[in-house]
Amino acid sequence: GVTSIPLWSYTVALIGMLPGTILFVALGATASTLTKDDDTNPLNPPANPQPTNNNNNAATQRLVDISALVGGLTFAISGVALASYYSKLELEKILEQERQ
C-alpha cells in the first residue's frame, strides 16, 4: 500500500476516532438548533408573534430539546475524554515495554 500501516491498525484507528466524530456532529447539531428560526428560540424571536394556546407545549418541547442537547454533548465529551485516557494508558504500557 501507500503507507506502512497495516489494514487492521488502520481499522482500529478509525473506530477510535468515533467519539471525536460524534462530538463534532453533536456540536454542529447544537449550533443548528440554536439558530433555528421558530417561535421557541429566544435568540431569534419572530417579528410578529401570534398568540397561541400551545405555549406550554412549546416550553416543554424547548426543555426537551435543551435536555437532549446537553445530555448528548455530555456523553460525547465523556466518550472523548475516556478514549483519550485509556489510549494514553495503553501508549504508556507500550512505551514501557519497548524501553525494557
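**Nonpolar patch**

Ile5, Leu7, Tyr10, Leu14 and Met17 together make a nonpolar surface patch of about 550 Å². Ile5 belongs to the segment before α1 (7-16). Patches are built from residues with over 30% relative accessible area and no salt bridge; like charges are joined within 9 Å, and nonpolar side chains (Val, Leu, Ile, Met, Phe, Trp, Tyr) within 5 Å. Accessible areas come from the Shrake-Rupley method with a 1.4 Å probe, and for residues only the protein chains shown count as cover.

The model is predicted: local features need pLDDT of at least 70 and side-chain atom pairs count only at pLDDT 80 or more, whereas totals for chains, interfaces and linings use all residues. Residues are numbered from 1 along each chain as its sequence is written, and side-chain values use heavy atoms, with hydrogens and water left out.

**Overall architecture**

The protein chain contains three helices and zero strands, and its elements run α-α-α from the N terminus on. Helices (H or I, at least four residues) and strands (E, at least two) are DSSP runs, numbered from the N terminus. Of the 100 residues, 6% count as buried, where buried means under 20% relative accessible area, exposed over 50%, and partly exposed in between (1.4 Å probe, protein chains only). The chain exposes about 8300 Å², of which carbon and sulfur atoms supply 65%.

**Largest pocket**

The largest pocket holds about 180 Å³ of space and is lined by Val12, Ala13, Ile15, Gly16, Pro19, Ala83 and Ser87. Two or more lining residues come from each of α1 and α3 (55-99), and α1 gives the largest share, four residues. By class, the lining has five nonpolar, two polar and no charged residues. Here Ala, Val, Leu, Ile, Met, Phe, Trp, Tyr, Cys and Pro count as nonpolar, Asp, Glu, Lys and Arg as charged, and the others, Gly among them, as polar.

The search runs on a 1 Å grid over the protein atoms alone: a cavity is a set of points where a 1.4 Å probe fits but cannot get out, and a pocket is an open set with protein on both sides within 12 Å along at least five of seven lines; lining residues have an atom within 4 Å of a point. Grid points are joined across faces, edges and corners, and a volume is the space filled by probe spheres set on the points.

**Salt bridges**

Side chains of opposite charge can pair when their charged atoms come close. The whole structure has two salt bridges, each defined as a side-chain nitrogen of Lys or Arg within 4 Å of a carboxyl oxygen of Asp or Glu.

| Salt bridge | N to O distance |
|---|---|
| Glu90 and Lys93 | 3.3 Å |
| Glu96 and Arg99 | 3.0 Å |

Glu90 and Lys93 are three residues apart in helix α3, and are therefore separated by about one helical turn. Glu90 is partly exposed at 42% relative accessible area, and Lys93 is partly exposed at 49%. Glu96 and Arg99 also lie three residues apart in helix α3, about one turn of the helix. Glu96 is partly exposed at 37%, whereas Arg99 counts as exposed at 62%.

Ala81, in helix α3, is partly exposed at 44% relative accessibility. Ala81 and Gly20 are 61 residues apart in sequence and 9.4 Å apart in space, C-alpha to C-alpha. Ala68, in helix α3, counts as exposed at 51%. Between Ala68 and Thr30 there are 9.7 Å in space, C-alpha to C-alpha, and the two are 38 residues apart in sequence.
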